[in-house]
Amino acid sequence: MSSLSCSASDLAPLFSSNIANATAMANYLCARFDTIANKLSDTIYAIDNTYLLFSAYLVFAMQLGFAMLCVGSVRAKNTMNIMLTNVLDAAAGGLSYYLFGFAFAFGSPSNGFIGQHFFGLTDYPKPSGDYNFFLYQWAFATAAAGITSGSIAERTQFVAYLIYSSFLTSFVYPIVSHWFWSSDGWASPNWTGNLLFGSGVIDFAGSGVVHMVGGIAGLWGAFIEGPRVGRFDQSGRSVALRGHSASLVVLGSFLLWFGWYGFNPGSFLTIAKGAIGRTAVTTTLAGCTSALTTLFSKRLLEGHWNVLDFCNGLLAGFAAITSRCSVVEPWAAIICGFVASWVLIGCNKLTEKLKYDDPLEAAQLHGGCGAWGVLFTVLFTMTSYVNEVYPGQPGRPYGLFMGGGGKLLAAQIVQILVVLGWVTATMGPLFYLLNKMKLLRVSRDDEMAGMDLTRHGGFAYAYHDEDDQSIKHAYMTGKIEPNIAIPPSNHSLPSEDV
């Protein structure tokens, strides 16, 4: 508020030759200016915190979107199980992020690897951050855990969900967010030391930090568990185990779309940024382009219009643009979404060949398209937007196709490699140990009967999975109609005996 500050000694000579009256008038005006400045400062603080809280609510509402998407994508016999795991991600993630996660992520002052303060929010809030910031970051942590739950759906024990979700939100994800988002992180663009390749990693809202972490964790969980019963036949051919409600998939996709406006534009943390509107536009265009590209591509490849592919394409575009939504032009977001669609299609083809089973395509969508998003930052990042979003250090590297050189490319490749390595080194052994201890996967009989019945006390609602090949017996009786001979029709009336 320096523009509203004043000094009586500066104002006094402007009023009159009567020094006493002039000084009194100057003091009075300065007092009024100081009052206005304080009120305006309080108003800006309130508006910024309201914006951040609203963004946190939007991101948390994405948990409902994840839940609906997951429920619609699984068979009806596992409805209560997948709903419970989504609620668990939020609840267990809330406590674990409060106790450990937030401190590991943003507990400054700290070293470049891990935060060291604010365990259990001790000595928090600080002038640099308030409870609103904690809530916002917790919503991001639960989003990463929710991604993983989709990959291992329909065959995972509840205790495994509890363990992995707590571990991911308390340790694995916070370390990554510290590296790339904390002002103390070794690869952060906000680091006060020597920036990585003179740039730091530009992952504005988390294509790498959130989506790659959740996707790679899910990749290892699903790989170690193996495919669901009936997902591949004896000859190795893919068998579709379709979800029971396309309506819920569409509902979940719309909720996630809505929540993404808190995810990406909300990552500015304050509303007084001119780039917020541009960020919302790039987010929208990338998702729309990817959705349409997926729809028409699958129509050409498979011969029909599939709403489920359309929804996954939409989310693929969002996951990809999240990294650089604030530093590219809208036309570049369209390119990003177009390529993201083909990354998703290609990853799905590859997983079928490798007999990898992910009911929600979470590893392909969030891991594969998230990695593409991190790389896409290298190509079309605008130097003016970089300086706007990351002020204070002019001359940062920018997009390769914009004439910015290869330093940003090197930084983004480092992010992909370290996220892949870190999540593999932590979540891979965790899922392996759970599997060895027989805590990861349910029994074959429980899986075929459905976990709602065997683990949660009954079905969510009455249903009959007529197309579920995994629950059909080797020998099934068909419906037998009575063999009644129908006499040929005779149009003449029968004669009556008189």
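Leaving aside neighbours within four places in sequence, which residues is Thr 156 in contact with? In this predicted model, where contact means heavy atoms within 4.5 Å, Thr 156 is in contact with Asn 81, Tyr 161, Glu 225, Leu 440, Val 442 and Met 451. The model is a prediction in which local features need pLDDT of at least 70 and side-chain atom pairs count only at pLDDT 80 or more, while totals for chains, interfaces and linings use all residues. Residues are numbered from 1 along each chain as its sequence is written, and side-chain values use heavy atoms, with hydrogens and water left out.

The protein chain holds 15 helices and zero strands, these being DSSP runs (H or I of at least four residues for helices, E of at least two for strands) numbered from the N terminus. Of its 498 residues, 52% are buried, a class defined by a relative accessible area under 20%, with exposed meaning over 50% and partly exposed lying in between (1.4 Å probe, protein chains only). Among contacts between residues at least 6 apart in sequence, 74% join residues at least 24 apart.

Thr 156 is located in the loop between helix 4 (131-151) and helix 5 (158-181), and it counts as buried because its relative accessibility is 0%. Its side chain makes a polar contact with the side chain of Glu 225 at 2.6 Å, a polar contact being a pair of N or O atoms within 3.5 Å of which, within protein, one must be able to donate a hydrogen and the other to accept it, and for which residues adjacent in sequence count only if both atoms are side-chain atoms. A polar atom of the Thr 156 side chain also lies 2.5 Å from the backbone oxygen of Ile 152.

Phe 100, by comparison, belongs to helix 3 (residues 79-106) and is partly exposed, with a relative accessible area of 41%. Not counting residues up to four places away in sequence, Phe 100 touches Phe 119 and Ser 170, and the C-alpha atoms of Phe 100 and Gly 120, 20 residues apart along the chain, are separated by 6.7 Å.

Turning to helix packing, helix 9 (residues 307-321) and helix 10 (residues 330-353) pack at an angle of about 125°, with their axes 8 Å apart. The contact is made by Asn 312, Gly 313, Ala 316, Gly 317, Ala 320 and Ile 321 of helix 9 together with Ala 333, Cys 336, Ala 340 and Leu 344 of helix 10.

Key:
Axes are lines fitted to C-alpha atoms, for helices over the stretch in contact, and angles run from 0 to 180 degrees between N-to-C directions.
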